[in-house]
Amino acid sequence: MLTEERRQYILAQLQQHTVIKSKALMAALDASESTIRRDLDELEAAGELKRIHGGAKRVNGLGDEPDVASKSTQNLRAKQTIAHAAARQVEQDDLVFLDAGTTTAQLIPFLADLGVTVITTGVDNASLLADYQIPTLMLGGMVKSATKALIGATTAEALHHYRFDIAFIGTNGIHPEFGNTTPDPEEAVIKRLAIHQARQPIILADPSKFEQVSFVKFADIGDATILTSSLQGLPASYQRYQNIKEVHS
């Protein structure tokens with residue numbers, strides 16, 4: 001197979017699967033490890049993909065956003081670890097803001113016995129909160145189909161009327177220069193406002209969110225505590241941020 005044909009195959013596989021393994025490519029293309037490594041290196045240099053251990057992953061556009069179904073199974077163990085640690089920040093009878101998202105959803109089972117009241121912008125999260133019989137207020141607004149999040153002027157106006165003891169916010173990207181970002185300007189408005197309205201804002205971010213940049217900035221890195229399950233391998237530029245905490249179950 002010609003070099004160009006191999007590389008087109010690799011990019012086509014990334015469009016379907018997001019992540020590909022070098023061994024799978026070697027088998028599918030009947031190519032040596034060194035050939036696949038060279039292909040991946042050159043595609044990365046061209047900005048077509050990002051190398052990871054044992055393979056490569058798709059490079060997302062600034063406005064790209066996976067849907068809830070695809071995100072719900074990604075980095076699940078890390079999300080559960082972060083959620084368990086986040087729950088330890090909640091006090092009895094707190095008023096809690098819970099952002100839409102699959103990482104914030106992992107927090108819900110840990111809130112069941114704390115006597116909290118939750119305000120959420122997540123449709124799926126509201127349903128799960130009800131399953132756990134946690135008192136929940138759901139803000140109005142338009143439902144965004146991809147993330148099942150409430151967005152728009154109605155949501156923002158309603159949110160202005162509330163203050164929170166603690167707020168848990170999701171993020172799509174964290175970067176020393178560009179801060180916390182998300183693909184949707186309307187979701188960014190809600191996240192920014194929730195951070196402002198909370199006595200203790202906390203961003204929940206699995207390690208894959210670091211060194212990523214999406215379309216819209218909603219907060220500087222220093223605007224909220226950031227909980228993650230691992231800081232291993234991050235550039236030294238993150239070390240100056242004392243609010244980024246590595247947590248464990």
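**Exercise 1.** Determine whether Tyr 238 is buried or exposed, and identify its aromatic partner.

*Solution.* Step 1: the relative accessible area of Tyr 238 is 6%, so Tyr 238 is buried (buried means under 20% relative accessible area, exposed over 50%, partly exposed in between, with a 1.4 Å probe and protein chains only). The model is predicted: local features need pLDDT of at least 70, side-chain atom pairs count only at pLDDT 80 or more, and totals for chains, interfaces and linings use all residues. Residues are numbered from 1 along each chain as its sequence is written, and side-chain values use heavy atoms, with hydrogens and water left out.

Step 1: Phe 210 has 4% relative accessibility and therefore counts as buried.

Step 2: Phe 210 and Tyr 238 form an edge-to-face aromatic pair, with 5.6 Å centre to centre and 80° between the planes. Rings of Phe, Tyr and Trp (its six-membered ring) pair if their centres lie within 6.5 Å; planes under 30 degrees apart count as stacked, over 60 as edge-to-face and the rest as tilted.

Step 3: Phe 210 lies in the loop between β12 (198-204) and β13 (216-219), and Tyr 238 in the loop between β14 (225-228) and β15 (244-246), so the pair ties together parts that are 28 residues apart in sequence. Helices (H or I, at least four residues) and strands (E, at least two) are DSSP runs, numbered from the N terminus.

**Exercise 2.** State how many aromatic pairs the structure holds, and classify the pair of Phe 97 and Phe 164.

*Solution.* Step 1: there are 2 aromatic pairs in the structure.

Step 1: Phe 97 and Phe 164 form a tilted pair, at 5.4 Å centre to centre and 50° between the planes.

Step 2: Phe 97 belongs to strand β4 (residues 95-98) and Phe 164 to strand β9 (residues 164-170), so this pair ties together parts 67 residues apart in sequence.

Step 3: both Phe 97 and Phe 164 are buried.

**Exercise 3.** Where is Asp 30 placed, and is Asp 30 buried or exposed?

*Solution.* Step 1: Asp 30 is found in the loop between α2 (22-29) and α3 (33-45).

Step 1: with 72% relative accessibility, Asp 30 counts as exposed.

Step 2: its phi is near 50°, a positive value in a residue other than glycine.

**Exercise 4.** Apply these steps to Gln 133.

*Solution.* Step 1: the loop between α7 (123-131) and β6 (136-138) contains Gln 133.

Step 1: Gln 133 has a relative accessible area of 70% and is exposed.

Step 2: phi of Gln 133 is near 55°, a positive value in a residue other than glycine.
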